[in-house]
Amino acid sequence: MKDSRNSILEGLYKEHSQSLKGYVYRFLRSENEAEELVQETFLRYHNAKNQEDIKSPKAFLYRIAHNLAIKALRRRKIVRFENSLDGEHMEVKCAEPLADQRLNSKQEFKLFCDAVWKLPPRCRQVFILRVIKRHSYKEIAQKLEISVSTAEKHVLKGMRDCQHYIKLHQKNPASVPTEKRDGRKKVIGITRLKYK
């Protein structure tokens, strides 16, 4: 069942990804943002419950992409508004996040790093170049001597696998790997994500 869902998703990706990028680009006017948003669209489609009830996958994909594009535009307006405020006339009570927020962020980041590290080597390499280092698919394809389509598939697989890993380990935090250094437990960190 999982394989058939993945093959359906790959077929939909081949058929609609380019037209979705064009559609989203009209909203955002940014090729990189459009590519990211299309990846998120397919990820959300993949995670949709009752996919067999979706009568028109194309329409569903476009609806997801449309909603994400509108959300991104709203976020831009909020950021633009916040950046236009004069900071001198504002009273800031505390710029530091609360301790539990910092802890949560560190735990989530660590879980993400672990998820990326668990990806197959080539997938991890492409995923890091795209998601962390923000290279375009074309740059990745040239650098690694693979096709743009292959790079896109690796990123999609990476997103899917990372999301699955994170969900699995958020339910069972005791299963998050640690390594010992100098006799102390230390959480595996982002240093492993460096790409040479």
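**Entry 1: the loop residues**

I started with Arg134, which counts as partly exposed at 46% relative accessibility. My cut-offs: buried is under 20% relative accessible area, exposed is over 50%, and partly exposed is in between, with a 1.4 Å probe and protein chains only. Arg134 is in the loop between α5 and α6. Its phi is positive, about 65°, although Arg134 is not a glycine.

Arg29 is another residue with a positive phi, about 55°, and it is not a glycine either. I found Arg29 in the loop between α1 and α2. Is Arg29 buried or exposed? Arg29 is exposed, with a relative accessible area of 57%.

**Entry 2: what I am looking at**

This is a predicted model, so I note the limits: local features need pLDDT of at least 70, side-chain atom pairs count only at pLDDT 80 or more, and totals for chains, interfaces and linings use all residues. Residues are numbered from 1 along each chain as its sequence is written, and side-chain values use heavy atoms, with hydrogens and water left out.

I looked up the confidence next; pLDDT is the predictor's confidence in each residue, from 0 to 100. The chain has a mean pLDDT of 76, and 71% of its residues reach 70 or more. Which elements have the lowest and the highest mean pLDDT? Strand β2 (residues 184–187) has the lowest, 43, and helix α6 (residues 137–144) has the highest, 93.

Two stretches stay under 50. Over residues 81–96, pLDDT is under 50 and the model has two contacts beyond four places in sequence; a contact means heavy atoms within 4.5 Å. Over residues 178–196, pLDDT is also under 50, but the model has 29 such contacts beyond four places in sequence.

**Entry 3: the overall layout**

I counted seven helices and two strands in the chain. Helices (H or I, at least four residues) and strands (E, at least two) are DSSP runs, numbered from the N terminus. From the N terminus on, the order is α-α-α-α-α-α-α-β-β.

Of the 196 residues in the chain, 35% are buried. Among contacts between residues at least 6 apart in sequence, 64% join residues at least 24 apart.

The expected span is 1.5 Å times one less than the number of residues. The buried residues of α2 include Ala34, Leu37, Val38, Phe42 and Leu43, and also Glu35 and His46.

Helix α5 has 12 residues and reaches 15 Å from its first C-alpha to its last, close to the expected 16 Å. Among the buried residues in α5 are Cys123, Val126, Ile128 and Leu129, along with Arg124 and Arg130.

**Entry 4: rings**

How many aromatic pairs does the structure hold? I noted five. Rings of Phe, Tyr and Trp (its six-membered ring) pair if their centres lie within 6.5 Å; planes under 30 degrees apart count as stacked, over 60 as edge-to-face and the rest as tilted.

Tyr23 and Tyr62 are an edge-to-face pair, 5.2 Å centre to centre with 70° between the planes. Tyr23 lies in helix α1 (residues 2–28) and Tyr62 in helix α3 (residues 57–84), so the pair ties together parts that are 39 residues apart in sequence. Phe112 and Phe127 have ring centres 6.3 Å apart and planes at 45°, so this pair is tilted. Phe112 is in helix α4 (residues 99–117) and Phe127 in helix α5 (residues 121–132), so the pair ties together parts 15 residues apart in sequence. Phe127 is buried at 2% relative accessibility, whereas Phe112 is partly exposed at 23%. Ring pairs also link Tyr23, Phe27 and Tyr62 into a cluster.

A charge sits over a ring if NZ of Lys or CZ of Arg is within 6 Å of the ring centre and within 35 degrees of the ring normal. The charged end of Arg124 sits over the ring of Trp117, 4.2 Å from its centre. Arg130 lies over the face of Tyr137, at 4.8 Å from the ring centre.
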